[in-house]
Amino acid sequence: MHSIRSFIFLLLGFLPLLVSAQQKYTISGTVRDSANGESVIGSSIWIPEAKTGVNTNAYGFYSITLPAGKYTLVVSYVGRQPKSIAIDLQKNEKRNIELSESSVLLNSVEITAERADKNISSTGMSSDHLDMQQIKAIPVLFGEVDILKTITLLPGVMSAGEGNTGFYVRGGGADQNLVLLDEATVYNASHLLGFFSIFNADAIKDMTLIKGGIPAEYGGRLASVLDVHMNDGNSKTYSVKGGIGLIASRLTVEGPMIKDKGSFLITGRRTYADVFLKLFGSTAQARSSSLYFYDLNVKANYRFSEKDKLFLSGYFGRDVFGLSGQFGINWGNATGTLRWNHIFNDKLFLNTSAIVSDYRYNIDITSGSSNFGISSGVRDYSLKLAFEYYLNDKNKIKFGGQSTFHVFTPGSISTNGTRLINDLNIDQKYSLENAVYISDEQTLTPKLSVNYGLRYVLFDQLGPGKIFHYDTTGAITDTSVYKSGKIVQQYGSLEPRLAVRYTLTPSSSVKASYTRTSQFIQLLSNTTASTPTDLWVPSSNVIKPQLGDQYAAGYFRNFHNNMFEASVEVYYKNMQNQIDYKPGANIVLNPVVESQLYFGKGRSYGSEFLLRKNTGAFTGWVSYTLSRTERQFPYINNNSWYPAKQDRTHDISVVLMYNLGKTWTFGAVWIYATGNAVTFPVAQYEFENHVVAYYSDRNGYRMPAYHRLDLSATLHRPKKKRFEAEWDFSVYNVYNRHNAYSIEFQQDPNNPSQTQAVKTWLFGVIPSVTYNFKF
Amino acid sequence: MKKLSILILLLSGLYSCQEVITVNLSSVTPKVVVDGSITNRPGPYSIKLSTTTNYFSPSGSNPLSGARVVISDNAGNTDTLHESAPGNYVTKTLNGTPGRTYYLGITASGKQYTAYSSMPDTVGMDSLSYALRPSRPGSTQAASYSLTCSFTDPATLGNYYGFRLYRNGMLKDDVIDNRVISDKLINGNAQHYRIRDGDLLAGDSVRIDLISFDKSAYDYFNTLRQTLSAGGPFSAPPANPASNVTNGGAGYFGAFAITSKAVQLQ
């Protein structure tokens, strides 16, 4: 508490600096792409005369206030021709700027940061902004471009495993990442049990991953924020693009609704594995099975005036799997966001959003004459206000609030036909999460800038419902019934955020940050692989909110006129109220699921190294993470620290891309990671004539190390009239490494008295080809 | 969750493969294992004692001889067991009775181990029927016998069941081979537990034991069943089932209330 008080004093201490009264004017406007009218997020506006600059916000809006005088605006963004605009600032100016694609061809691989030295000059640390152009150049499984796989190549980010889109950031669990699609929370970002993510590359504009120094406008998850923006739709002309791949095909239609006033975008994707099953399935059962996923992204926007713009965006996706007449399961997300951008004046920007987010799964089981269905899910309704106030060239203030009503449906069973089991309706759970925040990004001296803020969250577990109270063994001691809207349990959390940058030389800086985060909803998943039936549960009278404190520091250095970028970051994080499971815990359809949990704490620390080449025909990066993630639980391993599932000692990624003339682009990715911590049997005994394994301490052993090389080549066909096309060839796991997906112990078929270890591996070498077009 | 693993198998059928690998496992100090129960059937009852062996050593029990084993109940009866074969200890006078709690005391190599278990009331079996099921269309499986064991769960919550199948007097499937059932979802309903067994033939005499036990036995068998099938990506991280034997012992000492019905297959 003491540290929070000093933080508030610090905040108050800076306030007088905000009030200044010189003769100053403001330049503001929106940066768009000249070809399709898409707003450009995070493009840099740099004013060399004033040695200051600003980045466009999530809607392409910028504002900068300077003393009267003559200036040059240098506007730049990855893959776009930089633009210089001379301006004589004698009054408030409004400048909308259009950037055109750089003369280099479509999808050229150019990993220029938004501003060449942004990594040095911004207060932001531990964050990565990736444009789709960069992501598309990296080879991937089955040729399906996937942002969730790309981010695992960044330092401090680890893949949850092969065939799994889950990711771990700085020792956080897969459910500790806030994944946002146009501001809507995505509860399950995976298709086909995690082989693919729900993000269709054709619908995505860009994404930002923040793993430390999280700004105050974000909250609700412990480890990271992945903020994904969808394309707005071409506002200049109609266009169609698509792709045909081994697994799925994609089609996008976009165009203006009213020229330069509004535009729309519709993107769809569907897999066709089920078509192959029907044609080539070896058994009748395989032929009558269904197995596919699809997703649909839609977006529309309309500009009412120079000051008001409305956006409507939606996502709908489903996975369907069924064995005819026996078993069927479908699951998926739906999100909808309605946003209203309002520019009050050249300094004050407001975005108001109404958001709905839904995740659910349904299972149908037929057994003889009886039939029953299970359904479960979570739904959020949110309202969000986000102000950005460009006070002057030294202060950019953000403030706002968000209110979210969560409805959890832990599960219900409904039966038909012969009744073998009772209908079951586990009470829905309700909670309200309210948050307010304020932050200021302030330039104190040309060398020193800070971004400091506060976020306060109030979480209410609400009735109606039957609330159970448990003793330490998990037995129910008491049951109380709450009426609708009645507060069962309330938690408040004050989250200070601070990031500081000090410039050492024009090409190097040091940064430090402190972030407190809290998390009120968590995913219960006690299986090794992620499954659609993993259950989201809110904090309650039993489950206390998770708290995280992260301290990070880093050194950033650019070489050769920003051609090379290098950084070293170290972090330490402690996590409270973490969750683990009792042996044999039953998560699915358990009315007393809270009795199946253990509570403990976690810690994670590590260092991350990045060397990146940004310009030239040859680009790419090398990242290395050395880290440790541990947990301590009273009933696991006698209360001693043990390695968490997401603990990886070493994690290396090498990404290389090469541009050969105007037609060919080549890519290569090599990754290496220490194997997961696992529990193995160490002894055996006989019980009721069965041979039973006696297990080691939790996570006492390691899987073999994971490594893999992928290669890709892209052939760009010359543009004919409006028609552009490209062929992507890629090879996954080039040297056919049999990376262990799981290790099981079983009887040796040749010698039944002996046990042997059997490794399952998923993907050997897999070549693939994808054809993309655009007109 | 089994069906989910079918999905992943279908999905990765073209690509995934398995191979035998070498895993180095360290050895641990042997633990004492208890395997035995008191039932409502007439005695004598036997308790098997053994110790754990290294995981990759050839399987087979490692009997624990020369232990002192005593069982008593809450009605004041005490019975000191005698070792009839290495590691096999049998009672002399004890008679298992539903409603009583049984205490097991073991002294082996100077260490003390205890366990206790309560025997619930018996739940009667309403009927045991059977049917000859023709093979499924398109399936290679031959016609096989399906047995249905019907019973009515008592109205009170907190009943737990296991099953044993005997063929011509020989134990064929034990409690671990069959499912264990909690009445959490089925409380008070008539139950029809089905066992389909391709090995049963016309003329076989078949008996099914319906076993009632307490929650701690249910938890033990439930976790043990998961442990035996653990290791796949859709299973929970494996863990040792919670033994009721103190002092670091493994295994389980049970008190089972059994009812049976037998039928001759035609």
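**Close-up views of a predicted model**

**View 1. Ser696(A) lies in the loop that links strand E45 (690-695) to strand E46 (701-702) of chain A.** Strands (E, at least two residues), like helices (H or I, at least four), are DSSP runs numbered from the N terminus. The structure is a predicted model, in which local features need pLDDT of at least 70, side-chain atom pairs count only at pLDDT 80 or more, and totals for chains, interfaces and linings use all residues. Residues are numbered from 1 along each chain as its sequence is written, while chains are lettered from A and ligands numbered from 1 in the order in which they are written. Is Ser696(A) buried or exposed? Ser696(A) is buried, because 21 other C-beta atoms lie within 10 Å; a residue counts as buried with 20 or more such atoms within 10 Å of its own C-beta atom, as exposed with 12 or fewer, and as partly exposed in between, the C-beta atoms being placed from the backbone. Beyond its neighbours within four places in sequence, Ser696(A) is in contact with Thr679(A), Phe680(A), Val682(A) and Tyr701(A) (contact: C-beta atoms, placed from the backbone, within 7 Å). Phe680(A) is 16 residues from Ser696(A) along the chain, yet their C-alpha atoms are separated by 5.8 Å.

**View 2. Strands E5 (residues 69-76) and E6 (residues 83-89) of chain A pair in the antiparallel sense over seven bridges.** Strands are said to pair if DSSP finds at least two bridges between them. Lys70(A) stands opposite Asp88(A) of E6(A). The two strands, E5(A) and E6(A), form a hairpin with six residues between them. In the turn, Gly79(A) has a positive phi of about 75°.

**View 3. Four strands of chain B form an open sheet in the order E6-E5-E9-E10, with antiparallel pairing.** Strand E6 (78-80) and strand E10 (111-118) of chain B are the edge strands, each pairing on one side only. Strand E9 (residues 101-108) of chain B is joined to E10(B) by eight bridges. Ala108(B) has Lys111(B), in E10(B), as its bridge partner.

**View 4. The largest nonpolar core holds 151 residues, of which Phe167(A), Ile204(A) and Leu210(B) touch the most other members.** A nonpolar core is a set of buried Ala, Val, Leu, Ile, Met, Phe, Trp, Tyr and Cys residues joined through C-beta atoms within 7 Å. Strand E18 (residues 250-264) of chain B gives the most to this core, with seven residues. Apart from this core lies another, of 21 residues, including Val54(A) and Ile343(A).

Technical notes: Contact = placed C-beta atoms within 7 Å.
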